Amino acid sequence: MKYILIIDDEEKLRGLLGRIVKSEGFDVIEAPDLKSGFKKLEQYDIDVLLCDVKLPDGNGVDFLQKIKASFPLTEVILLTAYGNISDGVQAMKNGAFDYIVKGDDNDKIIPLLYKAFEKVQLQKKVKQLEKRISDKYSFDTIIGKSKAIEQVIDLAKKVAKTNSTVLLTGETGTGKEVFAQAIHENSLHASKSFVALNCSTFSKEILESELFGHKQGAFTGAIKDKKGFIEEANGGSLFLDEIGEMALELQAKLLRVLETNEFIPVGDTTPKKSNFRLIAATNRDFKVESDEHRFRSDLYFRLNIFEINIPPLRERVKDIEPLVHFFVEQFSNSINKKALNIEVDFLHKLEAYHWPGNVRELKNVIERAVILANKDILTLEVLPYEIQHQSETQNKLMSAFSMNCVEKLHIQKVLNYTKGNKAETARLLEIGIATLYRKLDEYNIE
């Protein structure tokens, strides 16, 4: 439905305008004053409002502010019998789509309606896209039921509502960018840009230009000014993946930006400002990197305001089954394949595997399996050779002499000593409570 609301106290003029608008295929609703007009706005999804300026219960120019505050997607065209410049200027400031004079500009009304309606439709599509992106990257879409991943999600939710810098650590493929996007979409910056840059994919010189931007002529090939990611992220979030790969000289420049919100594009001399929320990620141990002078300790301390470690997939085996079901459905839909069942042995092999590539590797394995599946069920035959022929005994049953077995028995012994008090157990073992929960989950200790 294409709803147009006409507010005018002159019944004959309102009716005439309504008939003209209806003849163009729009659905017309009428109101004689601002009060009843506002009720119509609450009742119907009005796309465009044609509103007289002078009405019995108020002024359309002033009323415009209330409309835009309550119904921001509705476009308003103001109609006046006696136009004046000051009213027209104020109307546009208050958010009017246009301001026209009755009689003189009658031929403009229908073309204006179409233009306003097109703008409304575009705004609605943008809102729908923003909602789909927000839904896609909400914390509810992060798949997993292990205690380890639940704890990580809980930490991410808590820090998302703040402006604090976040450092995501963990092995490659654990889903650090998924968490970064979810933190942004649930933050105060969600309405602004999320800008992501992988620092490991560029040389030092190119990375500097990508981050800070450059002026025309700054170097060979710089044929025009270019905004950097720091400037693009203004008001939003900047995600720097694999930040540990950044050269030391660039680390110093980034530190200055974080401390002053100022940066200088390559080849320029004038500082620019950018206020953004930084989310960084690395698969390195920054304590070791800074001790060995491969990463600036002052930048590390600046980044390490709130660290979230995302555990590897092998430490959260309970998450494999729901991830498999999700990826199977995703890839089946993408190639128009009917829903596939999953053989029990297929799942057991996946749960026994050590997953050096983590969730990313699992996703690739499932995509391959769905493509290869000839029947309506996923069987062992569609798994890669190294997963099919792994030794389940080595992966699932621990030798009495293995370190894993020793660690499990020791944790169980301390847990028994504390009568199940996990905080005290973690203290005696000299490990964090989050680490203890991961170990309990890994070894299936209740």
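This is a predicted model: local features need pLDDT of at least 70, side-chain atom pairs count only at pLDDT 80 or more; totals for chains, interfaces and linings use all residues.
**Lys-68**

Helix H3 spans residues 60-70 and includes Lys-68. The residue is buried, yet it has no salt bridge. Glu-75 carries the nearest side chain of opposite charge, at 4.0 Å. A polar atom of the Lys-68 side chain does lie 3.3 Å from the backbone oxygen of Pro-72. Leaving aside residues up to four places away in sequence, Lys-68 touches Thr-74, Glu-75, Asn-94 and Gly-95.

Strand E8 runs from residue 166 to residue 169 and is covered on both faces. Val-166 and Leu-168 are buried on one side, and Leu-167 and Thr-169 are buried on the other. Side chains in a regular strand alternate between the two faces of the sheet.

Two strands pair with E8. Strand E13 (residues 277-282) pairs with E8 in the parallel sense over four bridges. Strand E14 (residues 306-309) also pairs with E8 in the parallel sense, over four bridges. On the E13 side, Thr-169 has Thr-282 as its bridge partner. On the E14 side, the bridge partner of Leu-167 is Glu-307.

Leu-258 belongs to helix H10, which covers residues 248-260. With a relative accessibility of 10%, Leu-258 falls under the 20% limit and is therefore buried. Beyond residues up to four places away in sequence, Leu-258 touches Phe-276, Leu-278, Leu-299, Arg-302 and Leu-303. One of these contacts, Leu-278, has a number that falls within the residue range 277-282 of strand E13. Leu-113 is 145 residues from Leu-258 along the chain, and the two C-alpha atoms are separated by 47 Å.

Arg-438 is placed in helix H20 (residues 433-442). Its relative accessibility is 16%, so Arg-438 also counts as buried. With residues up to four places away in sequence not counted, Arg-438 touches Ala-148, Asn-309, Pro-311 and Glu-315.

**Positive phi at Trp-355 and Asn-358**

Trp-355 is not a glycine, but its phi is positive, at about 50°. The residue sits in the loop between helix H14 (344-352) and helix H15 (358-372). Asn-358 is likewise a residue other than glycine with a positive phi, in this case near 60°. Asn-358 is found in helix H15. Trp-355 is buried because its relative accessibility is 0%, and Asn-358 is buried because its relative accessibility is 0%.

**Cysteines and accessibility values**

Zero disulfides are found in a search of the whole structure. Cys-51 is buried, because its relative accessibility is 1%. Cys-199 is buried as well, because its relative accessibility is 1%.

The relative accessibilities are listed below.

| Residue | Relative accessibility | State |
|---|---|---|
| Cys-51 | 1% | buried |
| Cys-199 | 1% | buried |
| Leu-258 | 10% | buried |
| Trp-355 | 0% | buried |
| Asn-358 | 0% | buried |
| Arg-438 | 16% | buried |

Notes: Residues are numbered from 1 along each chain as its sequence is written. Side-chain values use heavy atoms; hydrogens and water are left out. Buried means under 20% relative accessible area, exposed over 50%, partly exposed in between (1.4 Å probe, protein chains only). Lys and Arg count as positive and Asp and Glu as negative; His and the chain ends are not counted. A polar contact is a pair of N or O atoms within 3.5 Å; within protein, one must be able to donate a hydrogen and the other to accept it, and residues adjacent in sequence count only if both atoms are side-chain atoms. Contact means heavy atoms within 4.5 Å. Two strands pair if DSSP finds at least two bridges between them. A disulfide is a pair of cysteine sulfur atoms within 2.5 Å.
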